[in-house]
Amino acid sequence: MKKCRCGRELELLDYTIKTYYKEKEISIHNVPTYLCNKDHVEFARKTRIRVRELLKNAYDNNLDKINYNSKGELI
Ligand SMILES: [Zn+2]
């Protein structure tokens, strides 16, 4: 079981994250997210890499909502 930096166990959930890419707000649904019960959030390295690719793709296609599990289409 993966541990949080605070020492608690992390639970893997599909989570919606909202972030900014070049000042555009974009939400990504169903991102595999590790959460502890103190609401600390962590992502696997490969998840962070994919999120960066999806954000770039969304920005280039002028989307503000995308799904982690699809190739960046609208939900
Ligand atoms: Zn924690």
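Two strands count as paired if DSSP finds at least two bridges between them. Helices (H or I, at least four residues) and strands (E, at least two) are DSSP runs, numbered from the N terminus. This is a predicted model, in which local features need pLDDT of at least 70 and side-chain atom pairs count only at pLDDT 80 or more, while totals for chains, interfaces and linings use all residues. Residues are numbered from 1 along each chain as its sequence is written.

**View 1. The hairpin of strand 2 and strand 3.** Five residues lie between the two strands, and Asp39 takes a positive phi near 65°. Strand 2 and strand 3 (residues 41–42) run antiparallel and are joined by two bridges. Leu35 has Val41 in strand 3 as its bridge partner.

**View 2. The hairpin of strand 1 and strand 2.** Ten bridges pair these strands in the antiparallel sense. Leu13 has its bridge partner, Thr33, in strand 2. Two residues separate the strands, and Lys22 in the turn has a positive phi of about 45°.

**View 3. Strand 2 beside strand 4.** Here the pairing is parallel, over three bridges. Ser27 stands opposite Lys65 in strand 4. In the order of the sequence, the chain reads β-β-β-α-β.

View 4. The 16 residues of helix 1 (residues 45–60) should span 22 Å at 1.5 Å a residue, and the end C-alpha atoms are 23 Å apart, which agrees; the expected span is 1.5 Å times one less than the number of residues. Val51, Leu54, Leu55 and Ala58 are the buried residues of helix 1. They lie on the same side of helix 1 because they cover an arc of only 105° around the axis, taken from the directions from the helix axis to the C-beta atoms. The face turned away from the buried side carries the exposed residues Arg45, Lys46, Ile49, Arg52, Glu53 and Asp60. A residue is buried if 20 or more other C-beta atoms lie within 10 Å of its own, exposed if 12 or fewer, and partly exposed in between, with C-beta atoms placed from the backbone. Just after helix 1, Asn62 has a positive phi of about 60°.

**View 5. The largest nonpolar core.** Its eight residues are Ile26, Ile28, Val31, Val51, Leu54, Leu55, Ala58 and Ile66. Helix 1 gives the largest share, four residues. Such a core is a set of buried Ala, Val, Leu, Ile, Met, Phe, Trp, Tyr and Cys residues joined through C-beta atoms within 7 Å.
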